Amino acid sequence: MLHPCVPLHKRSRRAFAVAAATVIAVLALAVPQAHAAGEAKGTVTSKARTANVKYAYLVKGPDPVTKETIRRLILSTTDLAAKIASCTKMSCADGGLANGLMVNLDSGPRFSYWMTLNDQMVQYSGTEPYAALAAKTDDPKRLVGTLKFDKTGAGGPKVDVEFDAVLVKEVTAP
């Protein structure tokens, strides 16, 4: 409570500031926050095209083929957080990936990957031993590490990326 000797215009400004701060705080709690992208830095290169990845996402859900629950690491040159947040199916999660790499984890002795460059004009998919993924943190909600492999001899990508991906979406439909 302000002292009655404080001029009315100062009391009104202060009351307005308190009311505005309260409204902002209530709205921040009421509006669901989109999960922010994790960070990535490094390159995915294939056939003289290079993607400098900046964003990392971890999505969990059923594999569209095996229906087993997997984690999908998505490394992208552009922010896909809003697109991924709107997905209800696992197959949707990588739909906005135009330049980068998608890696399916937890599905066998090797991980599968799909590389896309030049707005999906250049694509390559394959599998790689888990040794190519050096994880510093590997738990259900976060994956931090490096991914390095070179498939240029087979016409595929050379990947050298460092990433910190948090779980941004969990879906139940393939």
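This is a predicted model: local features need pLDDT of at least 70, side-chain atom pairs count only at pLDDT 80 or more; totals for chains, interfaces and linings use all residues.
Local features need a pLDDT of at least 70 and side-chain atom pairs count only at pLDDT 80 or more, while totals for chains, interfaces and linings use all residues. Residues are numbered from 1 along each chain as its sequence is written, and side-chain values use heavy atoms, with hydrogens and water left out.

The protein chain holds two helices and nine strands; helices (H or I, at least four residues) and strands (E, at least two) are DSSP runs, numbered from the N terminus. Read from that end, the order is α-β-β-β-α-β-β-β-β-β-β. Of the 174 residues, 36% are buried, meaning under 20% relative accessible area with a 1.4 Å probe, protein chains only.

Confidence is given as pLDDT, the predictor's score for each residue from 0 to 100. The protein chain averages 85, and 80% of the residues score at least 70. The lowest mean, 46, belongs to helix 1 (residues 8-30), and the highest, 98, to strand 8 (residues 142-150). Over residues 19-34 the pLDDT is below 50, and this stretch has one contact in the model beyond near neighbours in sequence; a contact means heavy atoms within 4.5 Å.

Strand 9 (residues 158-170) pairs antiparallel with strand 1 (residues 38-46) over seven bridges; two strands pair if DSSP finds at least two bridges between them. Here E39 has D164 as its bridge partner. Strand 2 (residues 49-62) runs parallel to strand 9, joined by three bridges, and L58 stands opposite L167. Strand 8 runs antiparallel to strand 9, with nine bridges; T146 is partnered with E162.

How values were computed
Buried means under 20% relative accessible area, exposed over 50%, partly exposed in between (1.4 Å probe, protein chains only).
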